[in-house]
Amino acid sequence: MQTRKPKAGTNKYVRDLMLNKYLYIMMIPVLAYYVIFHYAPMYGALIAFKEYSPMKGILGSEWVGFAHFKDFFGSYYFWRILKNTIVISLYSLIFEFPAPIILALLINEVRSKMFKRVAQTITYMPYFISLVVICGIITDFTNADGVINRLFMLMGYDGQAMLQKPQLFRSIYILSEIWQRIGWESIIYIAALMSIDQEQYEAARMDGATRWKQILHITLPGILPTIAIMFILRMGNLLNVGFEKIILLYNPVTYDTADVISSFVYRKGLLEFGWSYSSAVGLFNSVINLVLLISANYISRKVNKSSLW
Amino acid sequence: MKKGPGLLERSFDIGIYAVLIFLVVVTLYPLLYVVMASLSDASQLIAFKGILFRPLGFSLEAYKNVMSNPGILIGYRNTLFILVAGVVVNLFMTALGAYVLSRKNVIWNKAFMMIIVFTMFFNGGLIPLYLVVKNIGLLDSLWATIIPFSIGTFNLIIMRTAFMGIPDSLEESAKIDGANHFTILFRIIIPLSMPVIAVMILYYAVDKWNGWFYASVFIKSRELFPLQLVLREILIANSTDGMSAGADAGDRFQMAETIKYATIVVATLPILCVYPFVQRFFVKGVMVGSLKG
């Protein structure tokens, strides 16, 4: 499509811009979106170093340097929310991550096609229910006279308002995560399982390998690459704890174990209007995430030769 | 000799079935409980102390209350608007970006790609985003849940990969026929990428249907609340008072329970009816997403 040749000798970027100008015109709304809703907030994060006042705007507000950061690092909340964020992330890595793998292995061992489909369809049903509804159900079931407590009472325990107990919050959070996501997240492993060469199993059976040995020596190694990729992705997201769910479930009584960085940002910033302070905390979270992602990627590139960039 | 492994095999099978059946029951029972409780008589449900296996009594009272609640209806209407307008904006913007970025030999695209991908790893945070939305004047409007989320960057990358797989020759011939980029995108590329488009529609639609957080941050007027915000009030903040008007305090307390369950059913049933039909697309979407790793 070289109808008019740009003058020779012009900068190649300028030439490309002229050559593909209609493409670039199409790109304008997309770039505008990214500039306004992604890069402008990054610029706006400057207020973390200022004493933001809506009257003066971002530029006009006074610089305070690292005052908000110092405030935050020195506060009682700092260790609490850092610890909670890390503990909840690690718990979900340890308990939630393997669950769909186990489910996929189990479903893979079922011979009846019918039962396989029923089990799959039912286990990923909860994934389609909205978070608000899920949390509504959790709140209700864990009530002092909710279903879960009735079950415990049948077994002779006392009923208690579980969501009011700081020591139970994390268990409720993780168990309900597994309940909602196990089926859905197993899909990818089931797909990986289907691509394993069936002849390997036949050969193993000829050699007299038991089903358990087949799982250990053929099935698991077969899906190991998939597991590794999912694990890296998860690592990069380590501190992005599902704060929406936490905000729906926690209350002042359970802040001790439930409050994480993002829920703290939300509360301090939007409910208590500490905009600058809250931005400083948010910025801290973003930076940690970036560092974690870069390190996870670096490690995986060294160890695994698979990386995001 | 023959019996030994046979027995082992059988107990292996029994164990697997037992675990899976347990999982199926644990997954399904809470949902069935909600349905049974919603159909129960409020006073009987409150008094009941065991485990439900059928509705206690039978009453549609709760559903009557829910359906006559203006909040729920308004919520449905707002969510429908956000869903339709949102998915249209999402698809248009994502396709536009994916198309331009999938063109080969376009020098500036590398820079654009970097600008875009960087936003996946770093963001300014919630408060600065709030300030931007506020300054633009989107605060307290349904568009506040649509425009600031016009493109999901991961979706953009998936779509771009799909567009790159389409043979160049098709576009070349269209160009000779005098087609411009818009025509090529909407007449050739998109019709050829329907599977990916379908997956994108589903991903974006689920996002819009379930979204409550940014709505709760950006929207203050009650008549603009999407369904999920209305649900949050009823289910989490426990305010069913508006719906049991006319009943005295005791009845109201009892009715609140069944109303909550009926609300869950009314808000979730549509999705659970649709999902058996769309799940194969979702599965496809998981595959598409995983290819990128």
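Predicted model: local features only at pLDDT ≥ 70, side-chain atom pairs only at ≥ 80, totals over all residues.
The A–B contact takes in 92 residues of chain B and 88 residues of chain A, and it buries about 8,500 Å².

**Where the chains meet**

- Carbon and sulfur atoms give 78% of the area buried between chain B and chain A.
- On the polar side of things, the two chains share 17 residue pairs in polar contact, counting pairs with both residues at pLDDT 80 or more.
- Helix 1 of chain B, residues 3-38, gives the most to the side of chain B that touches chain A, putting in 19 residues.
- Sorted by class, that side of chain B has 65 nonpolar residues, 18 polar ones and nine charged ones.
- There are three salt bridges between chain B and chain A.
- Asp140(A) pairs up with Lys260(B) in a salt bridge, with 2.9 Å between the closest N and O atoms.

**Nonpolar cores**

- The largest nonpolar core runs to 173 residues, and Leu20(B), Tyr33(B), Tyr99(B) and Met159(B) have the most contacts inside it.
- Helix 10 of chain A (residues 166-194) gives the most to this core, with 14 residues.
- Looking past residues up to four places away in sequence, Met159(B) touches Leu91(B), Thr94(B), Ala95(B), Ala98(B), Val196(B), Ile197(B) and Met200(B).
- Another core, of eight residues, lies apart from the largest one, and Met42(A), Ala45(A), Phe69(A) and Leu283(A) are among its members.

**Helix 15 of chain A**

- Helix 15 of chain A (residues 261-271) is largely enclosed by the rest of the structure, because 10 of its 11 residues are buried.
- After helix 15 comes Phe273(A), which has a positive phi, near 60 degrees.

**Ser279(A)**

- Ser279(A) sits in helix 16 of chain A, which spans residues 275-303.
- Ser279(A) counts as buried because its relative accessible area is 2%, and the cut-off for buried is under 20%.
- Setting aside neighbours within four places in sequence, Ser279(A) is in contact with Ile47(A) and Ala48(A) from chain A, plus Ile127(B) and Pro128(B) from chain B.
- Ser279(A) and Ile47(A) are 232 residues apart along the chain, yet their C-alpha atoms are separated by 6.9 Å.

Notes. Residues numbered from 1 in each chain as written. Chains lettered and ligands numbered in written order. Heavy atoms only, no water. Contact = heavy atoms within 4.5 Å. Buried area = accessible area lost by both parts, 1.4 Å probe. Salt bridge = Lys/Arg side-chain N within 4 Å of Asp/Glu carboxyl O. Polar contact = N/O pair within 3.5 Å; in protein donor to acceptor, adjacent residues only side chain to side chain. Helix = DSSP H or I, 4+ residues; strand = E, 2+ residues; numbered from the N terminus. Nonpolar A, V, L, I, M, F, W, Y, C, P; charged D, E, K, R; others polar. Buried < 20%, exposed > 50% of the residue type's maximum accessible area, 1.4 Å probe, protein only. Core = buried A, V, L, I, M, F, W, Y, C linked by side-chain atoms within 4.5 Å.
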